[in-house]
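Dear colleague,

I am passing the structure below on to you, together with a short account of what was found in it. Please read the account with the sequence and the coordinates open beside it.

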Amino acid sequence: MLEALVGAGHEVALVVTQPDRRHRRRAEPEPTPVREAAETLGLPVLTPQRSAEIVDDVASSGATLGVAVAFGQLLPPDLLDALPNGYVNVHFSLLPAWRGAAPVERALLAGDTETGVSLMRIEAGLDSGPVYARATTPIGRTDTAGDLHERLVELGTGLLLDNLGSVPGATPEPQTGEASYADKLTTAEFELDWSRPAAVLDRWVRAGNPRPGAWTTDRGSRLKIWCASVVDDRSPGEPGVLRPDGTVVTGDGLLALHEVQPQDRRVMDASAWLAGRRSRAEQLGT
């Protein structure tokens with residue numbers, strides 16, 4: 001979105017993003033894609049540990065309006081007051097649905113059939129501000145969180161560019177309806193419970209791709225499942241049993257495994273993983 005804003009002729013006075021992080025053990029800290037883009041564009045960039053550290057920098061930047069996209073920190077009142085026209089946030093849900101940190105994944109986990117982008121004014125509450133504009137998109141039966149995020153970024157970029165110029169003089173509409181909350185994702189919650197229906201487990205696999213990954217255990221080691229599909233077969237069996245054809249018995253139906261990643265190994269086709277096993281019929285989750 002940063003490149004799109006600059007390309008559309010908007011003057012960007014300052015870019016703020018998260019500090020450099022290590023993504024692998026023993027690796028050097030790596031800059032965020034936002035920092036890399038800002039430096040490529042020759043824009044000043046700050047990487048504070050806490051957003052409260054940059055109030056003076058923002059206030060003196062010359063900017064009149066702030067734009068936040070998946071920043072990952074709440075903005076304190078002093079920072080919200082630092083710009084004359086406040087801030088807008090491009091949030092990847094149809095507010096008030098899925099306020100919070102992981103709206104894309106939570107929509108998938110809940111089985112929602114539609115989501116979208118809300119352009120909202122940032123207030124002190126968690127994604128509770130009034131909304132300037134919305135755009136919607138259906139959630140397909142095979143969409144992963146990665147697929148949906150890419151689509152929402154494109155949708156949100158268009159929504160932002162179409163409405164940004166009119167924000168200072170516009171009156172956003174208050175959110176109405178029941179709010180839901182998109183808590184941060186944990187690795188533990190993506191452990192597959194084979195007693196659940198296959199349709200539910202399929203949603204967990206898709207919501208966990210690309211992060212943090214749905215997983216089970218296989219002979220005491222973690223096995224991530226990156227791609228799977230539902231097989232409408234309700235023949236009896238113990239949930240978690242891996243069949244020779246690469247399907248797993250669930251609480252309702254079968255889940256066919258397509259791409260898996262054994263612990264400390266690369267992602268591979270499930271058929272290749274099965275071919276390397278001495279016994280194909282075993283219990284997963286143990």
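**Helix packing, salt bridges and surface**

H5 passes H7 in a right-handed crossing, where right-handed means that the near helix is turned clockwise from the far one by less than a right angle, and left-handed that it is turned anticlockwise. Helices here are DSSP runs of H or I with at least four residues, strands are runs of E with at least two, and both are numbered from the N terminus. Helix H5 covers residues 103-110 and helix H7 residues 198-207, and the two pack at an angle of about 165° with their axes 8 Å apart; the axes are lines fitted to C-alpha atoms over the stretch in contact, and the angles run from 0 to 180 degrees between N-to-C directions. H5 and H7 are therefore roughly antiparallel to each other, a term used for angles over 145 degrees, while under 35 counts as roughly parallel, 65 to 115 as roughly perpendicular and the rest as oblique.

Please keep in mind that this is a predicted model, in which local features need pLDDT of at least 70 and side-chain atom pairs count only at pLDDT 80 or more, whereas totals for chains, interfaces and linings use all residues. Residues are numbered from 1 along each chain as its sequence is written, and side-chain values use heavy atoms, with hydrogens and water left out.

As for the protein chain overall, there are eight helices and 15 strands, and the C-alpha trace spans about 65 × 45 × 30 Å along its principal axes. Of its 286 residues, 43% count as buried, which means under 20% relative accessible area, with exposed being over 50% and partly exposed in between (1.4 Å probe, protein chains only).

The structure holds 11 salt bridges, each defined as a side-chain nitrogen of Lys or Arg within 4 Å of a carboxyl oxygen of Asp or Glu. Arg106 is buried, at a relative accessible area of 13%, whereas Glu189 is partly exposed, at 26%.

Arg219 forms a salt bridge with Glu282, the closest N and O atoms being 2.8 Å apart. Arg219 lies in the loop between strand E9 (214-218) and strand E10 (221-231), and Glu282 in strand E15 (residues 282-283), so the pair ties together parts that are 63 residues apart in sequence. Salt bridges that share partners join Asp218, Arg219, Arg277 and Glu282 into one network. Arg219 counts as partly exposed at 46% relative accessibility, as does Glu282 at 22%.

On the surface, Leu74, Leu126 and Tyr181 form a nonpolar patch with about 310 Å² of accessible area together. Patches are made of residues with over 30% relative accessible area and no salt bridge, joining like charges within 9 Å and nonpolar side chains (Val, Leu, Ile, Met, Phe, Trp, Tyr) within 5 Å, and the areas come from the Shrake-Rupley method with a 1.4 Å probe, where for residues only the protein chains shown count as cover. Tyr181 is found in strand E8 (residues 181-182) and counts as partly exposed at 44% relative accessibility.
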